[in-house]
Structure formats: C-alpha cells, structure tokens
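Thanks for joining, everyone; I would like to take a few minutes to walk through one model with you. Please have the view open while I talk.

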Amino acid sequence: MPTDVVAPFAATVAEIAVEVGATVEEGQTLLFLEIMKMEQPVTAATAGAVDRISVEVGDTVEAGTVLLVLATPEPSALESAARQADDPGPRADPGPRADRGTRGDLARVHRRRAQLEDQARPEDMAKRHGRGHRTARENIADLVDEGSFSEYGGLVIASQRSRRSLEDLQERTPADGMITGTATIGAAVHGAERSRVAVVAYDYTVLAGTQGWANHRKLDRLLDLADREALPLIVFAEGGGGRPGDDYLGASLLEAQAWELLCRLSGRVPLLAVVNGRCFAGNAALAGACDVIIATVGSSLGMAGPAMIEGGGLGSVHPDEVGPMHVQTAGGVVDVLVEDEAAAVAEVKRLLGFWQGPIDHGQDPGAGPDPEVLRDAVPENRKRVYDMRDLLDGLVDPGSMLELRGPVRVGDGAGGSWQEYAPGMATGFARIQGQPVGILANVPTHLGGAIDAEAADSATRHLQLCDSYRLPLVVVCDTPGFMVGPDAERDGGVRRFSQMFLAGSRLTVPVIVVIARKGYGLGAQAMMGGHLNVPLLTVAWPTAELGPMGLEGAVSLGYRRELEAIEDPVARAAREAELIDEAYAAAGGLNVASFGEIDDVIDPADTRLRIVQALAAARPR
C-alpha cells in the first residue's frame, strides 16, 4: 500500500538519495532538505520500495508537500517479516570499517597529521641521527608516560605564506619547528606521585629550531596554560633564536610575551631546560630563565649566534665556540652536564621526582647507608681535610644525590681539566629515608671551606630554589667564614655575601643544620639562614667548633700584645698554641651546647634519624 513521505518544514530539496524502484529500510535516509544553510535528512518511517519521486533537486517545498511515495508491504507480509526478524539466521559480515572507505574530510585530517611525524621526513631524520642526536618527538616520547602527550598547535606552519606554497609549508615546516603539549610523567622512583607537566620542544630539523611568529603564539598559549594549571614546564631549548623572514604584520616583534609569561611561572612550578647542540639568542634566554639547565657535552649555549656576533662587528665565531660547555659550566650557567639527550631526559625525571613527594621505603634495610660510616667522615685531627661528598654519600639515601653545578664528571677526559663553578659550595637534591630534601654544604677541600663570591651566589640561588618548591633544606656546615682580602672585594664580596642573608631570611621551609666541624663568623650564620636559632634543628658533631671568627685569628687578634711581649719565638709559639687549645675547648660543641646556643651534640651515626624526626615535627607545606 502507498505511503506518502512529506516535508516536515518549508525548505529546499538539496539531495535525493534514492531512485524509483529502490528498496529501503525503516530509518534509511531518502533525501535532504536544506534550511538555514544546513541540510536535514528525511528518513523512511517504514520499510518499502520507492514508488514515485515527486520533487527534484532545487525545488522549494512547503511543510506537508509530498516528496515521494513508498510502496509498503501488506500487513500479512509485515507479520512474516517480523517472524523472520525473531530468527534472522546468519547475516553477511559487513566487513571492517576500513573496507567501507574513509570519509573524505577525515582522510584529509589523517594525511595532514601524518606530515607531523618523523617518518614523513626520512632525510632530515637520517641527518639528525647521523649527528648522534635524537628528534624532538623522540625526546618527548622518552620523557612522558606512553599515550599521555596531548599536543597543542601541531597543525601550525611557518608564517611564510607570501613566498612559499601551502603544500611546501605543510611538508617542510611541521608545527612551525616547535612541539608543545601537556602530559604526565611517572615518578622517577617507585612510590611517588605522577606529575602533570607542560612540554616545549624546539625541532632543530625545522628551520634550525628558530622562533617564528606562529610558534611564538603557540609558546604563549602553552605558558599561559601552565600558569593557569600550575604545570611544571620542561623546555628542550635547542635552536637558533629569532627567525628573520616570517610574514609579520608589525615592525619590532618586541611584543612577544614568552619571557614575561615564563618568568611569571618562576617560583611557582619547576622550570627545567634541556640544552643539546646549538642554543642561541631567544632559545638561550628561555633556558636561562629556567631553574635548572641540563646540557649535553658537545653543546654550545649563548645569548647570540654567529650571525648576530658578526653583525655586531665582533668578528667571525664558529657556532661551537660561542658558548661551549667548559665555559658554561665554569660560569655556573649549566647546572648538570650529561653525555647525551637520553641522559638529559633521565635527569629531568630525577629532578621532577624530588618535587613529586616522598618515597616509602618501609623497613627495607638497604634503603639507607650504614650510619656508622659518618663517625669517621670527619677526621679527629681538626686540621686534616676530608671529602665532603663522601660525607654526603653517608648521609643521604644511596644513589639519590643529584648535585647542581658540581664537578664535571662526563666522558673520557672531559671532566678533570674543566673548571668547576663554586667548588667551595655543594648544592643539590637528595632523599633521606625517602624524604626529598635540598642539600647545601661547604667543601673544605677548597679554601678550607671559606665562602667566596661564587659559593655565595650558588648558595643564594639554592636557598631560593628550595624555598620556591617547598623542599626542606639540610645544611652541612664546615666554614671558617666568608673569604676576605682584596681579591674577594674585587669579586664583589660585600654585595654577593649579603645576598645569602636576604635569601635565608625569606625561607619558609624547614632548615636542619648539622655542624660537622667549623662554624665561624658571618659565613656560618649565612649557612644557617641568619643565626643559630633559625633552623628547625641545629645539631653539632663531636668535631664541631663554633665562634665569631676562626680560632687562630681570634687568638692572634685578641692576644696580640701579650704574644708580642714574649721575645723568645719558641716560647711565643708555645703560648699561642696554648691559647688556641683553650679557645678550641671554649668553641667545642659540648661547651656551646651547655649555653643552649645549639640544640644538641650528637653521635654522627644518629644524624639521619635526627633529621627524619625533625622533619616529622615540621608542619606540612
């Protein structure tokens, strides 16, 4: 029997999807009506065959107009069909969706996204790997949890449409040379939480990783997102800085917001930079604004590349000689030097691990070093030097110490001859019974532990960093004080030393001070955050000696007239030694503790336990 299919509203016939005689199923689309620039389907209310089509494409119809007529089965036929539906028997497999074809619009998206992958540019990848480097996407894949990377702005291309074809830009400038997105990174050590992070990776295979107009917009977008969501930021900074030649409606490009947005993040979330290969100008500025720079041995890092240097009339410089690593480690610019990008990524994960919280070691006896080792860490002979890093190894969980700006220990022959920045001050992060802490320690093998200008700078920076990220600070003090003399003043000692006091006065995290040997003068006070009572706990070892200045200097100054009055040099020396011994007895930890100036004198073997107990008493931050 015939069934009319009518227009549900006034519209224009846009497409007729069936022909006369065609068999249709219930719900099958018969034709499309266009209204307000949108095409709406008209479907069959019942199964049947197309008996007549009453309209043509382009016809304007009113609501209720008959569009076509279906010849539908008689009721007896419908009952038979219903019985067959109850037991339909085997049906033909329509096959996988891929066999039925991919929509044109989706296929275009797939083709376009495929151009972003490394496989789309095999020659560039071969050149990159031939130099011993990884690609930007390979570094990201190694860094983040599998499947967690959500890319932002991947379809962006270089802003050069006035002089290059769209096809060329899509093929040769994927993501405009910078990959951005968010991801998660699992704890570096089992037990801590995952970190949600933002990642920026400049792609040196695309326009030398330069900063173009379009990728600056991407960077601003991601930095703003990191600010809003408090996401730690990891920047793979390799690249040549600002890019000339982009289409840009403007003159100066000085309104780029990246540096202001990045610095707004500073102190709120970890900012970590990886430098590999050549990193100049704007890329270097981004790295320099981060809290920690991890670099590979063969890198060159500088605030200008060869072209800008030569353009400024400063001569011709090879890219690898602009800021090689032996310069940047000695200057304290690079915090951690590693062999390659794989090692750099591993260090990023380690650093994030300290901010991911404590690790529960349970009752594992192997979780900590033998506590009795610390009893012999400092010689009983007060003039005998020792290795502070051996002491720290006995204090922190095995393998947990990550030192910043420490001795260069990379590669064959790459370490010993390189100058270390601030060799008199050890700074870094570690764990004590699974608890992440910052470490600050004097190194007596350099200037007897005296704090020179570089050491003060390094300490100040570390105090600020630990406070920013709410890491408790463990200080091992062994210093005769600030370095003095004309050389120290030429290094700006007065200003740089005083910065330690400013940073210490602003600490909001718990500070625990262990006085291993010397704790003299203003330098010792600066190591303690200002004075003996700033720390949550101040303890001394049996070898400790404290006072307003070094014992020898105090005796020489305080007893000058008495000593000068002794004409016999031998007798004078004997009397001076006697006075020093008396001063040492007064300066010893036990005597100082008897006045209540420090909290306790402890067995060095109990140091880890006392630190853990003190941190347990600190309020959560």
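I will go through the strands, then the aromatic rings, the cysteines and finally the cavities.

Before that, a word on the ground rules: this is a predicted model, where local features need pLDDT of at least 70 and side-chain atom pairs count only at pLDDT 80 or more, while totals for chains, interfaces and linings use all residues. Residues are numbered from 1 along each chain as its sequence is written, and side-chain values use heavy atoms, with hydrogens and water left out.

Let me begin with the strands, which, like the helices, are DSSP runs numbered from the N terminus (helices are H or I with at least four residues, strands E with at least two). Two strands are taken to pair if DSSP finds at least two bridges between them.

Four strands make up an open sheet in the order S1-S8-S6-S3, with antiparallel pairing. The edges are taken by strand S1 (2-6) and strand S3 (23-24), and because each has a single partner strand, one side of each is left without a neighbour in the sheet. Within this sheet, strand S6 (residues 48-53) and strand S8 (residues 66-71) pair in the antiparallel sense over four bridges, and Ile53 stands opposite Leu68 in S8.

For burial I use relative accessible area, with a 1.4 Å probe and protein chains only: buried is under 20%, exposed is over 50%, and partly exposed is in between. On that scale seven of the eight residues of strand S20 (residues 435-442) are buried, so the strand is largely enclosed by the rest of the structure.

From S20 onward the pairing that I can show you is parallel: four bridges join S20 to S21, with Val475 in S21 as the bridge partner of Leu440. S21 is in turn joined to S22 by six bridges, again running parallel, and Leu473 has Val511 in S22 as its bridge partner. Strand S22 (residues 511-520) is mostly covered, with nine of its ten residues buried. Four bridges then connect S22 in parallel to strand S23 (residues 537-540), where Val539 is the bridge partner of Val514.

Which aromatic rings pair up here? Rings of Phe, Tyr and Trp (its six-membered ring) count as a pair if their centres lie within 6.5 Å, and planes under 30 degrees apart are called stacked, over 60 edge-to-face and the rest tilted. The structure holds five aromatic pairs. In one of them, Phe354 and Phe429 have ring centres 5.7 Å apart and planes at 35 degrees, so this pair is tilted. It links distant parts of the chain, with Phe354 in helix H11 (residues 341-355) and Phe429 in strand S19 (residues 425-432), 75 residues apart. Both Phe354 and Phe429 are buried, and ring pairs link Phe354, Trp355, Phe429 and Tyr469 into a cluster.

On to the cysteines: with a disulfide defined as a pair of cysteine sulfur atoms within 2.5 Å, the count comes to zero. For Cys279, the closest cysteine sulfur, in Cys290, is 10.0 Å away, too far for a bond. Cys279 is buried at a relative accessible area of 0%, and Cys477 also counts as buried, at 0%.

Finally, the cavities: on a 1 Å grid over the protein atoms alone, a cavity is a set of points where a 1.4 Å probe fits but cannot get out, and lining residues have an atom within 4 Å of a point. Of the 13 residues that line the largest cavity, the closest to its centre are Asn139, Tyr202, Phe236, Glu238 and Glu341. About 40 Å³ of space lies in the second largest cavity, which is lined by Leu116, Arg121, Arg137, Pro174, Ala175, Ile179 and Asp203.

Terms used: 1 Å grid on protein atoms, 1.4 Å probe; cavity = no way out; pocket = protein on both sides within 12 Å on 5 of 7 lines; lining within 4 Å. Points joined across faces, edges and corners; volume = space filled by probe spheres on them.
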